[in-house]
Amino acid sequence: MSIKTEDIEIQLLLEAIYLKYNYDFRKYARASIKRRLTRAKESLRCSSFSMLQDRILHDPAVFPPLLSYLTVQVSEMFRDPEYFKAIREQVIPYLKTFPSLKVWVAGCSHGEEVYSLAILFREEGLEKRTLYYGTDINYQALEIAEKGIYPLDQIALFTENHRRSGGKSSLSDYYTAGYGSAVFDKSLRERIVFSNHSLVSDAVFAEVHLISCRNVLIYFDRDVQDRAVGLFEEALAYRGFLGLGSKETLRHSKYVNSLEDFVKEEKIYRKRDVA
Amino acid sequence: MKAVVIGASVGAVEALSAILPPLPADYPLPILAVVHIPPDRSSVLVTLFASKCQMAVKEAEDKELIRPGTVYFAPADYHLLVEQNGTLSLSADAPVYFSRPSINVLFESASDAYREELIAIVLSGTNSDGAEGLNAVCEAGGTAIVQDLASSLGCEMPEAAMAACPAAKQLSLEAIKEFLMEAAYVEGVS
């Protein structure tokens, strides 16, 4: 079957985004990218992907909104409470044996998961010895993450998730409510570094003990999935932990032998002991 | 024909129970299904239909190659999409019309991949998910089918689908099953 004009346009648009702005979406799973680009095209009132390409090439102001369409993830604090419960009950006992810890949330978007882990680590008495990295390719999302301010209407869900994750305190201890927003405690942020980092093109930046990267790999094609997992494998300290999304697996990965199941049902892996 | 996509909500189990179990183990098309179900009940459908069906039944996995003779259910809380290269993708993008998985997302991506070689079926349900997707299937020249109201526990979804895609065939569950057999065997498989 011959390639459709629309698909040619998408390929050219992704190439243009890469050449002009250095964001590489060329190896993302195409069906989702196409959906996101279609929404961007409609909201930016372009009649075709070629027109969208013309606009982003000649008007840099159009790129930030396009980037948001391409990258923004929806998340929650303590999303999938069972995952956080497994971290709390099964991973934390090992982490407690380290004098200092580094945690990396890759693809952190608005930072919900970084704050969730910071709260969890505080509850478990590990806060003072831990440094957290939250990375994403969308600088606009990182600005929101830095602020740690979330819509108040999400707090009921966050609170319920936190409780179900085995939370030992009340979530309300960590934020101040006002003007329709929940402002999270600045003290949580003291040990968090939010930074721009791409799993597609950047290198490892630190040795870490726990990586959480959930519902990010599903957006990549097989090659980039392998590249990302390769970075994780390299970044993990001896016997470090990697948590993926509930429907993500290393089964088909090039690195399947470097990481072993630790909490299988929650997709938490542990770096193997290699002699 | 290359594939069948099905979307269902309230009344899904009853409707699918009339359609899927009679299909033979070597049914030559893959069947991809989105059923709205609470996140904590995700594996129930697979277990239920694996015991009733002759075809293989499984939860769809990310990057999995789509195979004939297999029924794939979208996992709870993820969208299911078809890639042009014949594999499946999952996405955690925002719900579409409050639905994740969304029938529209499956239908639109499958229509994009299979064009006129796709059969899309909207079954019983009480929302309007699937209507836009079915329209995309019609526009691409695919075959659109909607469950008749008489057998639907929830009529809103079939009604919305018919309104969005008046060219769709409105069939009883028995007729849908017959159609699937004929479409796969009589017209041949490309």
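Trainee: Where in chain A is A:Leu171 found?
Mentor: This is a predicted model, so keep that in mind throughout. A:Leu171 lies in the loop between helix H8 (155-164) and E4 of chain A.

Trainee: Is A:Leu171 buried or exposed?
Mentor: A:Leu171 is buried, because it has 21 C-beta neighbours inside 10 Å and the cut-off for buried is 20 or more.

Trainee: Which residues is A:Leu171 in contact with, leaving aside neighbours within four places in sequence?
Mentor: Those contacts are A:Phe158, A:Thr159 and A:His162.

Trainee: And how far is A:Leu171 from A:Ala203?
Mentor: Their C-alpha atoms are separated by 35 Å, and the two residues are 32 places apart along the chain.

Trainee: Next topic, backbone angles. What is the phi of A:Tyr179?
Mentor: Phi is positive there, about 50°, although A:Tyr179 is not a glycine. A:Tyr179 belongs to the loop between strand E4 (175-178) and strand E5 (181-184) of chain A.

Trainee: Which element holds A:Arg239?
Mentor: A:Arg239 is in strand E8 (residues 236-244) of chain A. Its phi is also positive, near 60°, and A:Arg239 is a residue other than glycine. With 13 other C-beta atoms within 10 Å, A:Arg239 is partly exposed.

Trainee: What about the sheet in chain A, how many strands form it?
Mentor: Seven strands, in the order E6-E2-E1-E7-E8-E10-E9, form an open sheet with mixed pairing. Its edge strands are strand E6 (192-196) and strand E9 (259-263) of chain A, and each pairs on one side only. Ignoring direction, neighbouring strands are turned by 20° against each other on average.

Trainee: How many bridges join strand E2 of chain A to E6(A)?
Mentor: Five bridges join strand E2 (residues 130-136) of chain A to E6(A), and the two run parallel. In this pair, A:Thr135 stands opposite A:Ser195. Helix H7 (residues 139-147) of chain A packs on the sheet and touches E2 and E6 of chain A, with its direction at about 170° to that of E6(A).

Trainee: Helices, then. How many residues of H6(A) are buried?
Mentor: Eleven of its twelve are buried, so H6(A) is mostly covered. Among them are A:Tyr115, A:Leu117, A:Ile119 and A:Phe121, and also A:Glu112 and A:Arg122.

Trainee: What should the twelve residues of helix H6 span?
Mentor: At 1.5 Å a residue, helix H6 (residues 112-123) of chain A should span 16 Å; its end C-alpha atoms are 17 Å apart, which agrees. Just after H6(A), A:Gly125 takes a positive phi of about 75°.

Trainee: On to chain B. How is the pairing in its sheet, parallel or antiparallel?
Mentor: The pairing is parallel, in an open sheet of seven strands ordered E3-E4-E2-E1-E7-E8-E9 (chain B). Strand E3 (56-59) and strand E9 (169-171) of chain B stand at the edges with a single partner strand each, so one side of each has no neighbour in the sheet.

Trainee: Which strand is joined to E9(B)?
Mentor: Strand E8 (residues 143-147) of chain B, through three bridges. B:Val146 stands opposite B:Gln170 in E9(B). Helix H5 (residues 156-164) of chain B lies across E7, E8 and E9 of chain B, at about 145° to E8(B).

Trainee: Which residues touch the most other members of the largest nonpolar core?
Mentor: B:Leu106, B:Leu134 and B:Ala161, in a core of 144 residues. B:Pro101 itself is joined to B:Arg100 by a cis peptide bond, with omega about 5°.

Trainee: Last one. How many residues of chain B are in contact with chain A?
Mentor: 16 residues of chain B are in contact with 14 residues of chain A. On the chain B side, the largest share, three residues, comes from E6(B). That side divides into eight nonpolar, four polar and four charged residues.

Definitions and conventions:
Residues are numbered from 1 along each chain as its sequence is written. Chains are lettered from A and ligands numbered from 1 in the order in which they are written. This is a predicted model: local features need pLDDT of at least 70, side-chain atom pairs count only at pLDDT 80 or more; totals for chains, interfaces and linings use all residues. Two strands pair if DSSP finds at least two bridges between them. Helices (H or I, at least four residues) and strands (E, at least two) are DSSP runs, numbered from the N terminus. Axes are lines fitted to C-alpha atoms, for helices over the stretch in contact, and angles run from 0 to 180 degrees between N-to-C directions. Two residues are in contact if their C-beta atoms, placed from the backbone, lie within 7 Å. Ala, Val, Leu, Ile, Met, Phe, Trp, Tyr, Cys and Pro count as nonpolar, Asp, Glu, Lys and Arg as charged, and the others, Gly among them, as polar. A nonpolar core is a set of buried Ala, Val, Leu, Ile, Met, Phe, Trp, Tyr and Cys residues joined through C-beta atoms within 7 Å. The expected span of a helix is 1.5 Å times one less than its number of residues.
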